[in-house]
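This briefing is meant for a reader who is meeting the structure for the first time. Please keep the sequence and the 3D view at hand while reading the points below.

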Amino acid sequence: MPAKRVLMRKIKRILELRFMFKLSKRAIARNVGVGRGSVSRILERATVANLTWPSPDGMTDAELEAILYPSAAWSASAQRPLRRGVKVS
């Protein structure tokens, strides 16, 4: 079972604490209330996406999510096959 995704407000806070205040991943994790692994993965995605902080004016949460999780937009709209042996009424 995949882990729950970090809330967008926490993702924004992680980016702010790292890029504006230069905090360590451990300090960010404590401040935001998420694991260090989650902080590392989010910062890695931001680096891969060449994301800067503060984000450009007018960038919505949906746009930021699409930048950080590009395959999520595709998979959320794709229909998933039904599991075998499950009856649909």
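Lys12 is partly exposed, with a relative accessible area of 28%, where partly exposed covers the range between buried (under 20% relative accessible area) and exposed (over 50%), taken with a 1.4 Å probe on protein chains only. The side chain of Lys12 meets that of Asp61 in a salt bridge, 2.5 Å from N to O, a salt bridge being a side-chain nitrogen of Lys or Arg within 4 Å of a carboxyl oxygen of Asp or Glu. Because Lys12 lies in helix α1 and Asp61 in helix α4, the pair ties together parts that are 49 residues apart in sequence; helices (H or I, at least four residues) and strands (E, at least two) are DSSP runs, numbered from the N terminus.

This is a predicted model, in which local features need pLDDT of at least 70 and side-chain atom pairs count only at pLDDT 80 or more, while totals for chains, interfaces and linings use all residues. Residues are numbered from 1 along each chain as its sequence is written, and side-chain values use heavy atoms, with hydrogens and water left out.

**Salt bridges and charges**

- The structure holds three salt bridges, and in the one described above Asp61 counts as partly exposed, at 39% relative accessibility.
- Another salt bridge joins Glu65 to Arg5, with the closest N and O atoms 2.6 Å apart. Since Glu65 belongs to helix α4 (residues 61–68) and Arg5 to the segment before α1 (8–19), this pair ties together parts that are 60 residues apart in sequence.
- Both partners of that pair are partly exposed, Glu65 with a relative accessible area of 33% and Arg5 at 41%.
- Arg5 also has its charged end over the ring of Tyr69, 3.9 Å from the ring centre; a charge sits over a ring if NZ of Lys or CZ of Arg is within 6 Å of the ring centre and within 35 degrees of the ring normal.
- Glu16 forms a salt bridge with Arg13, the closest N and O atoms being 2.9 Å apart, and both residues lie in helix α1, three residues apart, about one turn of the helix. An α-helix has 3.6 residues a turn, so residues three or four places apart point the same way.
- Glu16 is partly exposed at 23% relative accessible area, and Arg13 is likewise partly exposed, at 32%.

**Helices and the nonpolar core**

- Helix α1 has 12 residues and reaches 16 Å from its first C-alpha to its last, close to the 16 Å expected at 1.5 Å a residue, the expected span being 1.5 Å times one less than the number of residues.
- The residues Met8, Ile11, Ile14, Leu15 and Leu17 of α1 are buried, and the buried residues of this helix pack against α2 (25–32), α3 (36–48) and α4, contact meaning heavy atoms within 4.5 Å.
- In α2 the buried residues are Ala27, Ile28, Ala29 and Val32, and they pack against α1 and α3.
- The largest nonpolar core has 19 residues, of which Ile11, Ile14, Leu15, Val39 and Leu68 touch the most other members; such a core is a set of buried Ala, Val, Leu, Ile, Met, Phe, Trp, Tyr and Cys residues joined through side-chain atoms within 4.5 Å. Each of α1, α2, α3 and α4 supplies at least two residues of this core, and the largest share, five residues, comes from α1.
- Val39 touches Ile14, Lys25, Ile28, Ala29 and Val34, when residues up to four places away in sequence are not counted.

**Loops and backbone**

- A cis peptide bond, with omega about 5 degrees, joins Trp53 and Pro54, and Pro54 lies in the loop between α3 and α4.
- Asn50, whose place is also in the loop between α3 and α4, has a positive phi near 55 degrees although it is a residue other than glycine, and it is exposed, with a relative accessible area of 65%.
- Lys22, in the loop between α1 and α2, has a positive phi of about 55 degrees and is not a glycine; Lys22 is exposed at 64% relative accessible area.
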